[in-house]
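Subject: Structure handover

Hello,

Here is the structure for you to open. My notes on what was found follow below it.

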Amino acid sequence: MTRPGVLGRISCAVAAILLLGLAAEAQGPIRIGASLSLTGTYAKLGNYQHEGYRLCQKDLNARGGLLGRKIDFVVYDDQSSPPTGVRLYEKLLTDDKVDLVMGPYSSPVTEAVANVTEKYRKVMVSPLAATTSIFRKEPRRKYVFMMLTPAEGYFEGLLDLAVKRGLKSIAVINEDTLFSKAAAAGTVSRARSKGMQVVFQEAYPKASTDFSALLTKIKAAGPDVLAAATYFDDAVALSRQMKELNVNPRMYGVTIGGDLPEFYDTLKSTAEYVYGATQWEPGLDYPGNREFVERYTSEFKREPSYFAASGYAGCLVFVEGVQRAGSLDADKIREQILKLELRTPFGDFKVDQDGVQIAHTMVTFQWQKEKKVIVWPDGLAAGKPLFPTPPWTSR
């Protein structure tokens, strides 16, 4: 038998590649399912996350897709409701038969839908769930992975700045939901470990709009620092009512919501001097971040929030796991994600054996003259805190 020459071998190789490409195309796109808070309490933030997913889909498909196939997100609105999220992930996995799933917005919805993804043994990277208990749970969850710095660390920067300035007492309040409770508990524990006195602690119901009774108690307690574990709407209402009731601690910080431009647009000078915790900012020098910000701004006509950036980066992390696995098999993907040490536009990614994030860096900012200025940690800071907070009449 005559052996094929070099040209024959090349022709065979080209034919094989074409056949593989045709086979991948014949399979259709890889479908990635998710529910998101497109309406309801968390709608503003859930829609930002959706934009991150949409941009990731566009960028990946422009580069040839995943495993030789285009990707296509299948997204439903869970209305910010955990039970609705559960129903939708069941639908995605049983009726729609999606190939992969990504996480929803918020810790409460993620906690609920993780039971579904574990039942069907589907890997779920969760870009916007920061509550550690979701991941460290018995019986052990094997297929869910965290992108964010855990909730317990959101106020690490505020506490560090306060202690360095000689402040001794703190009040801690929170929305009575999963993430906010974890953020508050972590803040109380860390404050006490730093020698601060916790003079007041209380939770308020989800969707609260009237904080007058709570703020009256805080004013009577007279803390040096007020740490509020919030989302956007309560962060705005709380700040506005603090001014109305003349509650003016020397430092005041919020968790979620204070980082959005809408926070300042809504409150104007009332937002000045407020500290916020954020997982990411557009100006941070992470690999690919500048390019991400440019593409996002071109696509959506405004700068991204950290909710969009984490959605985008979470998609990239999942894709990297799939590529290294060379397969859509959940156990192979899981094995690869557990090994990943990545630098993304959102910052560093590495998880422990429970899927809890251990590499990402949180930052603390302060609103100063209509702009967010990163003030902690020192290695990422762009300025110094304006301290102490002046009287409301001076802002």
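**Helix pairs**

Helix α10 passes α11 in a right-handed crossing (clockwise; a crossing is left-handed if the near helix is turned anticlockwise from the far one by less than a right angle, and right-handed if clockwise). Helices here are DSSP runs (H or I, at least four residues), strands are E runs of at least two, and both are numbered from the N terminus.

Before going on: this is a predicted model, where local features need pLDDT of at least 70 and side-chain atom pairs count only at pLDDT 80 or more, while totals for chains, interfaces and linings use all residues. Residues are numbered from 1 along each chain as its sequence is written, and side-chain values use heavy atoms, with hydrogens and water left out.

Helix α10 spans residues 289–300 and α11 spans residues 306–325. Their axes come within 12 Å and cross at roughly 115 degrees. Axes are lines fitted to C-alpha atoms, for helices over the stretch in contact, and angles run from 0 to 180 degrees between N-to-C directions. The two helices are therefore roughly perpendicular (65 to 115 degrees; under 35 counts as roughly parallel, over 145 as roughly antiparallel, the rest as oblique). Phe292, Arg295 and Tyr296 of α10 meet Ala308, Ala309 and Tyr312 of α11; contact means heavy atoms within 4.5 Å. These residues divide into five nonpolar, no polar and one charged. The classes are nonpolar (Ala, Val, Leu, Ile, Met, Phe, Trp, Tyr, Cys and Pro), charged (Asp, Glu, Lys and Arg) and polar (the others, Gly among them).

Helix α11 also pairs with α12 (residues 330–339): the axes come within 8 Å and cross at roughly 115 degrees. So α11 and α12 are roughly perpendicular too. The crossing is right-handed. From α11, the contact uses Phe318, Gly321, Val322, Arg324 and Ala325; from α12, Lys332, Ile333, Gln336 and Ile337. By class, that is five nonpolar, two polar and two charged.

Helices α3 (residues 82–94) and α4 (residues 107–119) cross at roughly 30 degrees, with axes that come within 8 Å. That makes α3 roughly parallel to α4. Here too the crossing is right-handed. The α3 side includes Tyr89 and Leu93, and the α4 side includes Val113 and Lys119. The contact residues are nine nonpolar, two polar and two charged.

**Spaces**

The search used a 1 Å grid over the protein atoms alone: a cavity is a set of points where a 1.4 Å probe fits but cannot get out, a pocket is an open set with protein on both sides within 12 Å along at least five of seven lines, and lining residues have an atom within 4 Å of a point. Points are joined across faces, edges and corners, and a volume is the space filled by probe spheres set on them.

- Five cavities of 30 Å³ or more were found in the whole structure.
- The largest cavity holds about 70 Å³. Of its 13 lining residues, Tyr105, Leu128, Leu148, Phe179 and Ile256 lie nearest the centre. The lining has eleven nonpolar, two polar and no charged residues.
- The largest pocket holds about 260 Å³. Its lining has 17 residues, with Pro261, Pro282, Glu303, Pro304 and Lys372 nearest the centre. Six are charged, eight nonpolar and three polar.

**Backbone**

Trp376 to Pro377 is a cis peptide bond, with omega near 0 degrees. Phe387 to Pro388 is cis, with omega near -5 degrees. Gln79 has phi near 60 degrees, a positive value in a residue other than glycine.

Best wishes
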